[in-house]
Amino acid sequence: MTILTTHCRALLLGALLALTSACGSSNGSSGDSTTATATTDTSTDAGDDTTTTSREGMDIDLFQDGALASEITTVSCTLSGGTQTTCYRIEIAGTPAAREIGPFCPPSIYSEADEGGIWFDGSGTVWDIDGEFITNLGNIYGDSNWLLYDTASGEVNVTDTQIACEAAARPNVDPEYQNHCVQCSLDYYGGGVAQTVLIPTAPVPLSSPASLNNGDLGIALDGVILAPPAPVQAILAAYTIAAFDDCGGHVNPVEGYHYHASVGCAERGYDDDGHSGVMAYALDGYAIYGMSYADGSEPDDLDACRGHTELERGYHYHAASAAENMFIGCFSGEQGSVQ
């Protein structure tokens, strides 16, 4: 069993580029739509008359090819704090751009790491879901009731049908599917769950941070929804492992494929100055960058929401490590919605 620190995994993948969680409720009102175009804000530094460019807010040109189901448009909307403004209307098909999802659960206790995905529970460790991990769950969690495999054959108990998936991928897990590795297929849901995301064209800062409220919090550049922390305590209480693939995502019947952590799959390469690349946009319009800079260091001035302000990029967030089972801690701006 390989135990991977999130820092190592982020460096490896970043260099290249609950289960049922509540959807954000729609509080955006649509008016006449127009095709969106990317904009940049420029400002003049009063001290030296030097014009600087800020990348605060969305750059819609950063979305990967194939990430979106249709062209981004601009519509009228009402944000979470009541502000009436304009939002980008972003439609996704429910599948990540340019890659296949999975694998999730390993087939047997003899499986290597490449036959399964990863697991994290917020305790500070990211595990490869290989055969050794499956057999060691009782020791990891100090509970001898863990037994996710057939002792005679070594086959892992996997939810490999739609009925099994939906019986296990819910808060009150059917007792028949306790002690299972839970995975669901997008084939059960037409190949993906389409969703529409409204994000303000210009962020509207809040005077005090807003809670995530267990709702979706943004969209990755590959067209995948960012979900709130996975409900790991409920998952573990049912003696289940809701396996994530190596990109930190999995499938449930409500949202289809979605991310619970950043491990670099959606992240752009490092900026020229060594700053981590953008990987997503939060519902308040602020960018979410990777956790670490090119030299392996992390920003040391993040606020409670995991954001800070720089001259070039304006206010933005840095994703937490996958081992923390989260992306950001709260919202610093009024939010749009996921519909």
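Strands and pairing

Analyst: C87 stands opposite P200 in β10. This is a predicted model, where local features need pLDDT of at least 70 and side-chain atom pairs count only at pLDDT 80 or more, while totals for chains, interfaces and linings use all residues. Residues are numbered from 1 along each chain as its sequence is written, and side-chain values use heavy atoms, with hydrogens and water left out.

User: How many bridges join β6 to β10, and do they run parallel or antiparallel?

Analyst: β6 and β10 (residues 195-200) run antiparallel and are joined by 6 bridges. Two strands pair if DSSP finds at least two bridges between them. Strands here are DSSP runs (E, at least two residues), as helices are (H or I, at least four), numbered from the N terminus.

User: What about β5 and β6, what do they form?

Analyst: A hairpin, with 5 residues between the two strands. G82 sits in the turn and has a positive phi of about 95°. β5 covers residues 73-78 and β6 residues 84-92, and their antiparallel pairing runs over 6 bridges. Within that pairing, C77 has T85 of β6 as its bridge partner.

User: In what order do the 8 strands of the open sheet come?

Analyst: The order is β15-β16-β13-β12-β17-β18-β20-β19, with mixed pairing. β15 (249-252) and β19 are the edge strands, each pairing on one side only. Inside the sheet, β17 and β18 (residues 287-289) run antiparallel, joined by 3 bridges. A280 is opposite I288 of β18 there.

User: Switching to charges. How many salt bridges does the count come to?

Analyst: The count is 6 salt bridges. The rule asks for a side-chain nitrogen of Lys or Arg within 4 Å of a carboxyl oxygen of Asp or Glu. One of them joins E91 and R89 at 2.5 Å, N to O.

User: Which residue does R313 meet at 3.0 Å?

Analyst: D271, through a side-chain salt bridge, N to O. That pair links distant parts of the chain, 42 residues apart: R313 lies in the loop between β19 (307-310) and β20 (314-318), and D271 in the loop between β16 (256-259) and β17 (278-282). Both R313 and D271 are buried.

User: And what is the salt bridge between R313 and E312 like?

Analyst: The closest N and O atoms of R313 and E312 are 3.9 Å apart. R313 has a relative accessible area of 3%, whereas E312 is partly exposed at 37%. Shared partners join D271, D273, E310, E312 and R313 into one salt-bridge network.

User: New topic, rings. How many aromatic pairs does a search of the whole structure find?

Analyst: The search finds 12 aromatic pairs. One of them is F63 with Y281, a tilted pair because the ring centres are 6.4 Å apart and the planes are at 45°. Rings of Phe, Tyr and Trp (its six-membered ring) pair if their centres lie within 6.5 Å; planes under 30 degrees apart are stacked, over 60 edge-to-face and the rest tilted.

User: Where in the chain are F63 and Y281?

Analyst: F63 is in the loop between β4 (50-54) and β5, and Y281 is in strand β17, 218 residues apart. F63 is buried at 8% relative accessible area, and Y281 is buried at 2%.

User: At what angle are the ring planes of Y188 and Y189?

Analyst: The planes are at 80° with the centres 6.0 Å apart, so that pair is edge-to-face. Y188 is partly exposed at 22% relative accessibility, while Y189 is buried at 16%.

User: Which residues form one aromatic cluster?

Analyst: The cluster is made of W127, F133, Y141, W146 and Y239.

User: Last one. Where is A230 found?

Analyst: A230 is in the loop between β13 (225-226) and α5 (232-237). A230 counts as buried, at 5% relative accessibility.

How values were computed: Buried means under 20% relative accessible area, exposed over 50%, partly exposed in between (1.4 Å probe, protein chains only).
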